[in-house]
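Please look it over alongside the points below.

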Amino acid sequence: MKEIKLDSSQMISELFKKKKETTYDNNIIVDEKNFTILLLNKRKDFENLLIKKGNKSKKIWLDYIKWEENNGSIENTRSIWYRFMNLYNREKEIYLKYIHFELKNNNIEKARFIFEKGVNSLPFSEFFFFEI
């Protein structure tokens with residue numbers, strides 16, 4: 001068997017080529033053209049699960065937010081956070097997570113707006129120990 005030697009730059013360029021050509025999800029190999037369809041189907045699955053559970057499962061909402069954020073769609077993630085906040089607008093932990101998301105994405109004004117909304121929505125006794 002003939003040995004092939006690659007230097008590190010060749011190896012990196014080959015990996016980037018493969019990354020552009022294929023994406024892996026649940027051991028299914030898809031090209032970039034079909035990746036959008038895969039994302040839409042996954043979003044539809046999350047939405048159907050939320051409808052089935054009656055929008056009251058925090059774990060499903062948080063999983064959906066995490067999945068959307070991992071796929072790099074900040075605007076879609078922000079939209080899901082907004083919907084989630086309308087359901088759970090009396091819970092300090094949800095405000096903290098949403099503020100953390102906005103700060104992580106360098107949106108200081110939006111984080112400040114959410115903080116002010118939390119101050120106005122939650123009782124002072126709950127919000128007194130609000131940490132960022």
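1. **Ground rules.** This is a predicted model, in which local features need pLDDT of at least 70, side-chain atom pairs count only at pLDDT 80 or more, and totals for chains, interfaces and linings use all residues. Residues are numbered from 1 along each chain as its sequence is written, and side-chain values use heavy atoms, with hydrogens and water left out.

2. **Confidence.** The predictor gives each residue a confidence, pLDDT, from 0 to 100. The mean for the protein chain is 79, and 69% of its residues reach 70 or more. Helix α3 has the highest confidence, at 93. Strand β1 (residues 23–25) has the lowest, at a mean of 49. Over residues 20–24, pLDDT stays under 50. The model has 11 contacts beyond four places in sequence for that stretch; a contact means heavy atoms within 4.5 Å. Where pLDDT is low, the predicted coordinates should not be read in detail.

3. **Layout.** The protein chain has 7 helices and 2 strands. Both kinds of element are DSSP runs, numbered from the N terminus: helices are H or I, at least four residues, and strands are E, at least two. From the N terminus on, the order is α-β-β-α-α-α-α-α-α.

4. The protein chain has 132 residues, and 25% of them are buried. Buried means under 20% relative accessible area, exposed means over 50%, and partly exposed is in between (1.4 Å probe, protein chains only). Among contacts with a separation of 6 or more, 42% join residues 24 or more positions apart.

5. **Helix α5.** This helix covers residues 92–104. It has 13 residues and reaches 18 Å from its first C-alpha to its last, close to the 18 Å expected at 1.5 Å a residue. The expected span is 1.5 Å times one less than the number of residues. N106 follows α5 and has a positive phi, near 60°.

6. **The buried face of α5.** Which residues of α5 are buried? They are I94, Y95, Y98, I99, F101 and E102. Seen down the axis of α5, these buried residues fall within an arc of 155°, so they line one face of the helix. The arc is that of the directions from the helix axis to the C-beta atoms. Their cover includes α3, α4 and α6 (108–121).

7. **I99.** This residue of α5 counts as buried because its relative accessibility is 1%. F115 is 16 residues away along the chain, and the C-alpha atoms of I99 and F115 are separated by 6.9 Å.

8. **Salt bridges overall.** Side chains of opposite charge can pair when their charged atoms come close. A search of the whole structure finds 8 salt bridges. Each is a side-chain nitrogen of Lys or Arg within 4 Å of a carboxyl oxygen of Asp or Glu.

9. **R78 and E102.** Their side chains meet in a salt bridge, at 2.8 Å from N to O. The pair links distant parts of the chain: R78 lies in helix α4 and E102 in helix α5, 24 residues apart. Are these two residues buried or exposed? Both R78 and E102 are buried. E75 joins R78 and E102 in a network of salt bridges.

10. **E91 and K58.** This salt bridge spans 2.6 Å, N to O. It also links distant parts of the chain, 33 residues apart: E91 sits in the loop between α4 (74–87) and α5, and K58 in helix α3 (residues 58–70). E91 is partly exposed, with a relative accessible area of 23%. K58 is partly exposed too, at 34% relative accessibility.

11. **K59 and D63.** Here the closest N and O atoms of the salt bridge are 2.9 Å apart. K59 and D63 are 4 residues apart in helix α3, so about one helical turn separates them. K59 is exposed, at 58% relative accessibility. D63 is partly exposed, at 34%.

12. **R43.** Helix α2 (residues 32–53) holds R43. At 19% relative accessibility, R43 counts as buried. Its side chain makes a polar contact with the side chain of E68, at 2.6 Å. Such a contact is a pair of N or O atoms within 3.5 Å; within protein, one must be able to donate a hydrogen and the other to accept it, and residues adjacent in sequence count only if both atoms are side-chain atoms. Leaving aside neighbours within four places in sequence, R43 is in contact with Y64, W67, E68, S73 and N76.
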